[in-house]
Amino acid sequence: MRIGNIISTLLVLSASIAPGQTPPAPAGHFEFEAKSPKFWDLFDKSASLEKVASGFSFTEGPVWDEKGGFLYVSEEDQNRVIRVYADGRVETVLSIGDPDGATFDQHHRLIETASVLRAMIALAPDGRYQVLADKYQGKKLNSPNDVVLGPDGALYFTDPTYDLVKGEKQELPYQAIFRMEDSGALKLLATDMNMPNGLAFSPDGKRLYVDDTRAREIRVYDFIAGEMKNGRLFARESAEGGDGPDGMKVDVQGNVWVTGTGGIWVFDPEGTHLGTVHLIEPAANFAWGDADFSTLYLCGRASMYKLKTKVKGFVPYVVYAK
């Protein structure tokens, strides 16, 4: 069943798009596609998609700052990290090559994956940053992509070759998932995926979900004492057009939300596809936000959107904060 909430809209390139900037993808339309009646436990059928800000070229890595009431967002093509406020105001925090996924750590430091630096960095509110890790056993990382705070207080990130700088050499012979301590010390956890990307922990901290973008699969691992065990298929997205799974989040009920072809796919904890939120623009990533963390903030190509839900998001950097 499909319920249309916004009439298909043509996106027009504005004069604010700089020369050489990647234009937005063709316009789509917003609607809910329910695969199970349980989908309506997550959304009001009359919910609408609201544009927050626009004028971007490729947004990624949104993180809701619950203390400031704004989003940190990675603007990959414009090579900057920005703050996006509810009134649409945008501030540049840092100019840096191709930032991507981000999170707060247990100390509320903003942690960014920096593709061009091939590094994990900690970013201060004034724009200064510190490189935490850029090598493993003396070899450069590939291009760190996404990061999440774990129940043990460590950070877990994926390191595919997805954004490896053109002309630079891949030094590690695999695409991996790493554990990183506060000090930046790394531990290699897994190398069994084609292209690891988004990742998220279950609310009880016993499972770690990881997207394999190239295989169009979502994998799940048992998480035991900082280790990933018993890797297996959790769900698979359609191979019909579009990109593979990318950004991923989990709600407090344990449902897994993943970007994919057409919009946001939602799976229950057993891997059953509950439904899809089709979007006006393709989304690479999203975040839970607002005071109760029940609003989805969505990263479109040219714009940021928000969508109210009936469920609260599971936000590790709040739950595991020191």
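# Cavity and sheet in a predicted model

Q: How many cavities of 30 Å³ or more does a search of the whole structure find?
A: This is a predicted model, in which local features need pLDDT of at least 70, side-chain atom pairs need pLDDT 80 or more, and totals for chains, interfaces and linings use all residues. Residues are numbered from 1 along each chain as its sequence is written, and side-chain values use heavy atoms, without hydrogens and water. A cavity is a set of points on a 1 Å grid, over the protein atoms alone, where a 1.4 Å probe fits but cannot get out. With the limit at 30 Å³ or more, the number found is 1.

Q: Which helix supplies at least two residues of the lining of the largest cavity?
A: The largest cavity holds about 230 Å³ of space, and 19 residues line it (an atom within 4 Å of a point). Among those closest to its centre are Val-148, Lys-249 and Phe-314. Strands, including S4, S8 and S18 (DSSP runs of E, at least two residues), each give at least two lining residues. So does a helix (H or I, at least four residues), namely H1 (316-319).

Q: Which are the edge strands of the open sheet?
A: The sheet has 4 strands in the order S18-S19-S20-S21, with antiparallel pairing (at least two DSSP bridges between strands). An edge strand pairs on one side only, which here applies to S18 and S21.

Q: Which residue of S21 stands opposite Arg-219?
A: Strands S20 (residues 217-224) and S21 (residues 227-236) run antiparallel and are joined by 7 bridges. Their hairpin has 2 residues between the strands, and Ala-225 there takes a positive phi near 50°. Across from Arg-219 stands Leu-233.

Terms used: On a 1 Å grid over the protein atoms alone, a cavity is a set of points where a 1.4 Å probe fits but cannot get out, and a pocket is an open set with protein on both sides within 12 Å along at least five of seven lines; lining residues have an atom within 4 Å of a point. Grid points are joined across faces, edges and corners, and a volume is the space filled by probe spheres set on the points.
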